[in-house]
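Please look over the sequence and the structure shown here. The paragraphs that follow go through them part by part.

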Amino acid sequence: MSTDQWTISRSKVVYGLDRNDLHFLDIDEKGDLLLRIGDHTISFKEIAKLVEKQNGNSAGYTSSFTLRIPQLITYQMKKLKAAFAQAIEKTDYKGEFNAVYPVKVNQRYDCVMPVLASDPNYGLEAGTKAELFLIKSVTEEEKHRLIICNGAKDPEYLQSIKQCVEEGYNLTVSVESLHEAKMIVELLDPDKSTIVLRIKPYLMVRGHWSHSAGRDSKFGLSIHDLFDVIELLKENGFTNSVTTILGHVGSQITAMDDFLKFSKFMTRIYYEVREMGLTSVKTIDFGGGLPIDYTSSHPPDLMNQYADALLEGILSELDEIGGDIEHPNILTESGRGITALGSAVVVKALEVRSVFPSSGQKISQERQQERDRCISEMRETTSVAELLELWNEFHSQHGHSTGSVKDLLENEYLIGDVRREVRRQLARISTPGIRPEKLVESIWHPDYLAIGNFSVFNAACDYVLVNQHFPIVPIQDLHVRPETTVRLVDITCDSDGELSQFHRKGTGEIWWSRDYRPLTMRTDDMGQGIPVGYLKNVQGSYFVIALTGAYQDVIEADHNLLGDLPDVEIIVTEDGEWKIKWTAGAQKMEDLLADAGYVGFDIDEDPYMSD
Ligand SMILES: Cc1ncc(COP(=O)(O)O)c(C=O)c1O
C-alpha cells in the first residue's frame, strides 16, 4: 500500500475504536470522532462546539472538560448480569448472582446515581466509614439494597455499622483481622448482624495489583487468623451470622486462568468453613478484578470469560471435593469494569511546539555534502543494523556542537534531515517487522508536542502513578493516513505531566504515518506518540482520553493549583435528540486555595468564574 492510501477501517484498528471496550467510539466519513450511545451517534466536534457555546460565559469554563456518559455505566452493569446469567444457564448452576458497586472506584454523584438508577437490586460496598455515610445517604429510601462494609474498622466505624443495622439497612460487615472480630463480638448483636469473612487469597496472580493477593497482602485474614476468628465467633454465638466469604485478588486481572485458580481457592474455603460449622455461609464474594480492555487487544468477550472462569472454578473444585455440596451464591464487587467507560476527558490543544526544525532549511555547502553522502549511503543499506551504525556514526560526529549558536542551529537542521531519512529507510528495510529496540524508538520519538489545557495529575493520575494506559484519540482528521505523531503534554510544570503512550496494534505488516513512524507493529506493543491526521489542525482542536471513569476522579491531585475540569453530561432524549447538561464547573481557585490553608484570604478575581 502506498503511503497515500488509507481507509477509515485502518484508523479504527490503529486507535482501537468501534470494538471491545471502545465500542462506543466510531469515525464518520469526514474523519470526525463519534460517540455512540445506543442507536445514536454524536460527533465530538458538535459536543465541543456546544460546550464552548453554552458555557463560554459560565462559571468554571476552561475549554477542556470531562464528559460523563452514564448510559455506559448502565450498559456495563447489564452486560455483567447477562454474562453471569449466560454462564449460570450454560452450566445449570444452582446458585444466584448478585453484585455490589464499590464506591471507592468513583464516589461521584454522577457515577453512583446512575448505578442506583440502573438496577433496583444492585448493592454498594464501603471501604471506609466515610463511604458508609455516603452510601447511607443515597440509599435512605432503598434500605433493601445490600451494603458490604469492608476496610479497616475502628470502634467509630463499627458504631456506625451498628446504627445502620438498627435503622434497617441491609448491611453485612467484613471481618478482616482477629482484632476486628473481637470488637465485633463485643459490640454487635449476633441475631441482627450478618458477617463476611475476608480472606487473603493465597495465590500468585499477574498484573500491577498482584500484591493484593498472597500471604503478604494488606487485606484480609491469613489462614491462621481464619481458624482463630471462627472459634471466637462460634464461642460468642455468631455461628449463624456468617453468611459470606470474600476474597479480592487485585484490580485489572486480564489472565482468566488466574480467576479460575482464585475461584477454586475460594470454593475450597467455602466448603471447609461450612464443614467447621458455619453452615449459614451461602455466598462467595469474589471482590473486584474484572478488567477493562484499555488497549482494545483482548478478546471481545472478556466479561463472559470472567463469569465462565468463576463458575468453572467453583464447579470443578466442588467436583474434586465430591458429595452433594450446595452451589454457593456468587457476589462480585466490580468497580473498574462498571465505571471506566462512564467518563472521558476531552482536552483542548492550546498550541503545538516542534522539537526538530522542519525539512528544507538552508545549511552550509560543507554540511550539505556531509548530509547527502550519509543519506545516499543509507539508501544503499539492506539491514537495520547497518543503518543504525551509519546513524550512530553520523550522530556522534555531528550531534554535539560545541561551537556558536549559529553552528548549533545548522547542526540541528542537519541532524533533523538525516533523522528523517533514517525513519524513511527503517520503514523500507524493516517491513514487515522490526523489533522496537531503544535506539529505534528514539528515532521514532515524536517531533511535536501538543500542549493540552489540562493536568495529567488531576485528569488521569494513574498514568503517572502506575503507568496505566489510556486510549487517546484526536477528534478529527481520522479519515487520512496520520501525518505524524505527537506527545500530549499538560500545562503543569512537571515533566511527568505527559500522556504519550500509544498502544500499537499487531497487524503483521507495519502501517506507517506519512513521516514514517509506526502506527502499528508486527505484534502488539507500546510506543510513544499519538497519531494525528493533519498536524496543522491540531492547535485549537481536541483529544479524547477515554476510559477514565474508574479511580481517576478519586485519586486526582491538584498539582500547580490545577483542579477538576468542568463536567458535562451527555443526555439522549426519547425522541433521539441529544443535549448536554453542565453538571459542575471547574474547581474554584478559592476552594483549591482553601485546601492549602488560605482561608479568608483576599485573592484576585478568578478568571474562570465569571458568573
Ligand atoms: C475489596 C475490594 N472490592 C472491590 C474492589 C474493586 O476492584 P476493581 O476496580 O478491580 O473492580 C477493590 C479494589 O481495590 C477492593 O479492594
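Which order do the strands have in the open sheet of three strands, and with which pairing? The order is 1-2-3, and the pairing is antiparallel; two strands pair if DSSP finds at least two bridges between them. Strands (E, at least two residues) and helices (H or I, at least four residues) are DSSP runs, numbered from the N terminus. Strand 1 (25–27) and strand 3 (40–43) are the edges, and each has a single partner strand, so one side of each has no neighbour in the sheet. On average, and with direction ignored, neighbouring strands of this sheet are turned by 40° against each other. Strand 1 pairs with strand 2 (residues 33–37) in the antiparallel sense over three bridges, and Ile27 stands opposite Leu33 in strand 2. Helix 2 (residues 44–55) lies across strand 1, strand 2 and strand 3, and runs at about 60° to strand 3. Axes are lines fitted to C-alpha atoms, for helices over the stretch in contact, and angles run from 0 to 180 degrees between N-to-C directions.

This is a predicted model, in which local features need pLDDT of at least 70 and side-chain atom pairs count only at pLDDT 80 or more, while totals for chains, interfaces and linings use all residues. Residues are numbered from 1 along each chain as its sequence is written, and side-chain values use heavy atoms, with hydrogens and water left out.

The protein chain is divided into domain 1 (1–84 + 341–355 + 446–611), domain 2 (151–334) and domain 3 (357–444), with bounds that come from an automatic or database domain assignment. Between domain 2 and domain 3, the C-alpha centres lie 58 Å apart.

Contact means heavy atoms within 4.5 Å.

Glu125 is found in strand 6 (residues 123–126) and is buried, with a relative accessible area of 0%. Its side chain makes a polar contact with the side chain of Lys104 (3.3 Å). A polar contact is a pair of N or O atoms within 3.5 Å; within protein, one must be able to donate a hydrogen and the other to accept it, and residues adjacent in sequence count only if both atoms are side-chain atoms. Ile147, in strand 7 (residues 146–149), is buried at a relative accessible area of 1%. Ile147 and Ala126 are 21 residues apart in sequence, and their C-alpha atoms are 7.3 Å apart in space.

Thr492 lies in the loop between strand 16 (484–489) and strand 17 (498–499). Thr492 is buried, with a relative accessible area of 10%, and a polar contact of 2.8 Å joins its side chain to that of Asp490.

The ligand is surrounded by 15 residues, the closest being Ser251, Gly289, Glu333, Gly335 and Tyr551; a residue is near a molecule if one of its heavy atoms lies within 4 Å of it. A polar side-chain atom of Ser251 lies 2.6 Å from an oxygen atom of the ligand.

Notes. Buried < 20%, exposed > 50% of the residue type's maximum accessible area, 1.4 Å probe, protein only.
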